[in-house]
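Subject: Structure handover

Hello,

Here is the structure I promised to pass on. Please open it first, then read my notes below.

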Amino acid sequence: MPSLLENRSIPNDHAHYATLLDAVSVGYFCLDRDGFLSQYNSTAARILGIQPFQDKSTMHVSSFDRFMGLGLAGDFEKIISGGTDFHRKDTACTNRQGRYMTLDCRCTREIVENVPVVVGVIRDASDSHTGQIFGSDELEILTHVATALSSSSDLNSILRTILIATTASQGLGFNRAFLLLYNSTNESFDGHLAVGPESAEDAGRIWAQLDVQGITLKDLLINDEAQRSQSDEHLTEKLKRTSISLLTSRTLRSLLGETQWTIVDVEIVEDQPLKELLQELECEHAAIVPLRSPEGVEGILIADNLYSRNPISDDAVHMLQILANQAAIVLKQTQLINDLKARAEQLSLANQRLSESQDQLIRIEKLSVIGELTSAVAHELRNPLTVIGGFANLMLKSNCSEGQREYLQIISTEIKRTEQVLDQVLDFSKASEGKRTFVDFNNLVEDSLSLLIGRLGRQDLELPLKKTIVELPICVNRDQISHALFNIFKLVAEELTPPFVAGVETKTENNFATLRISFTPDIAEHEKLIQSLQRMFSERANSQRLSILVAGETIRLHGGDLTVEGTPE
């Protein structure tokens with residue numbers, strides 16, 4: 001049935017609840033702090049004589065109460081201030097459209113976003129559809145449940161509200177209530193939440209305590225945390241160990257269809273899986289109602305009177321069905337919210353990956369341009385350097401003074417060092433032209449080490465390699481990574497060994513293929529090692545720094561990183 005809900009400051013739970021009450025011809029309405037109707041369902045609109053899109057000035061409590069004579073307008077300030085609840089029963093009246101009714105109405109105050117409002121339920125007692133189901137007590141239950149539902153957004157708290165209204169003597173009066181949720185993966189109902197005493201002695205103690213304290217249903221629902229007991233926790237733990245498959249239970253499969261609810265006796269029930277579940281929960285005579293949302297069944301609610309032995313009436317189960325349907329709506333709403341959150345996280349991750357891909361493409365383009373530029377510059381520089389170096393060497397072979405020879409030797413040495421830097425630039429430029437392929441990281445590291453040892457020709461060089469047992473496949477430009485690894489090993493060999501001893505190890509860390517070069521110096525050499533590393537990575541070490549910069553940029557281009565870290569060892 002369509003609803004005439006105006007959602008201003010009232011939570012969606014109330015909107016769902018109001019729509020649900022429409023199905024059983026119970027009106028729901030909410031008055032704001034100034035006494036204007038801020039929300040109402042179709043049934044309330046029909047009873048109060050409200051028309052859709054009616055002018056707000058005619059929707060004040062005094063406007064419709066003047067025709068109906070409930071006395072709600074006169075008591076409004078007392079209700080909104082929290083001084084009293086409002087209750088009228090079997091009040092004969094006529095609404096502004098001339099319709100004669102016998103009304104039952106209950107109102108109470110609640111706080112929404114720190115603002116007091118009045119929540120009310122109303123029904124026409126002369127309506128044959130509701131006359132046999134709803135009495136004054138039932139309306140009071142619905143009013144307090146509506147109030148409690150709006151005060152929490154936590155799923156378990158909302159579900160406990162339903163179960164407490166089911167089991168409280170001030171509510172439906174069942175002794176125990178069990179909530180099982182539908183598991184679509186296993187096609188089963190799995191235990192989730194339970195409320196009720198563990199034994200007859202426990203039940204007697206709890207009921208006697210509540211009677212002495214004079215706690216109302218409203219108190220129970222709003223102050224749920226203070227009323228929670230170990231019995232509820234133990235019963236919930238027991239329930240969570242239970243599950244029943246839809247594939248084997250004929251009775252529960254029927255609840256997925258048109259069946260609204262059923263009352264079963266464990267002694268005569270023929271459905272064996274259901275019988276075993278009830279026996280596990282020690283249920284002898286129980287009501288089973290489906291949690292039905294517009295999208296389907298979300299679970300089942302089982303309630304019994306194990307300790308009081310009171311018979312289970314159809315009217316009580318009908319009310320239980322209304323509460324169960326409300327729980328189903330909340331469950332579905334929570335599921336949709338969680339799905340939206342998961343989808344938002346997926347989109348956020350996709351956007352992050354897209355941004356990273358774009359950054360990587362930009363870096364690749366930059367690297368390509370840098371490669372072309374450095375190659376051209378290196379070739380242009382090599383020619384004059386060759387000429388300068390050649391003339392310097394010729395002059396060294398001539399009869400020149402010792403002072404001139406010293407200067408010429410410096411020129412020749414610096415020319416050779418510059419040519420080495422140009423060789424590194426050209427090697428990187430050539431490596432950047434290759435494509436990416438899958439290679440074994442272990443083999444790549446081993447080949448780079450072998451190439452280094454062969455080129456340096458040092459007998460004292462020791463860089464022992466410890467590889468992983470399994471392959472470490474990576475998708476890289478092999479020439480680029482080999483060039484980066486070679487330059488890192490070359491710096492270590494030339495600058496740090498000796499005096500220090502290095503160890504090389506490959507491993508997997510956080511799904512990354514990792515190369516770790518470790519040093520374990522003596523205490524006396526610890527400070528010396530730190531100084532050597534600082535010298536290698538300082539701005540002043542130009543040629544060394546260029547090698548590190550090129551190697552680091554190459555590794556980062558492939559999604560990795562180059563870091564230096566220290567430990568006390």
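Which residue takes a positive phi in the hairpin of S15 and S16? Asn-510 does, with a phi near 55°. That hairpin has 2 residues between the strands. Please keep in mind that this is a predicted model.

Strand S15 covers residues 502–509. Strand S16 covers 512–519. S15 and S16 pair in the antiparallel sense, over 8 bridges. You can check two of the partners on screen. Thr-506 has Leu-515 in S16 as its bridge partner. Val-504 stands opposite Ile-517, also in S16.

Now widen the view to the sheet. S15 and S16 belong to an open sheet of 3 strands. The order is S13-S15-S16, and the pairing is mixed. Strand S13 (465–466) is an edge strand, and S16 is the other edge. Each of these edge strands pairs on one side only.

Which elements give two or more residues to the lining? Two are strands: S14 (473–477) and S16 (512–519). The others are helices H17 (478–495), H18 (523–536) and H19 (542–557). S16 gives the largest share, with 8 residues.

What classes of residue line the pocket? The lining has 25 nonpolar residues, 12 polar ones and 6 charged ones.

Last, the protein as a whole. It has 569 residues, and 44% of them are buried. There are 19 helices and 16 strands. The accessible surface comes to about 29,800 Å². Carbon and sulfur atoms account for 51% of that surface. Now take the contacts between residues at least 6 apart in sequence. Of these, 65% join residues at least 24 apart.

Best wishes

Conventions:
Residues numbered from 1 in each chain as written. Predicted model: local features only at pLDDT ≥ 70, side-chain atom pairs only at ≥ 80, totals over all residues. Heavy atoms only, no water. Helix = DSSP H or I, 4+ residues; strand = E, 2+ residues; numbered from the N terminus. Buried < 20%, exposed > 50% of the residue type's maximum accessible area, 1.4 Å probe, protein only. Contact = heavy atoms within 4.5 Å. Areas by Shrake-Rupley, 256 points an atom, 1.4 Å probe, with all protein chains shown as cover. Nonpolar A, V, L, I, M, F, W, Y, C, P; charged D, E, K, R; others polar. Pairing = 2+ DSSP bridges.
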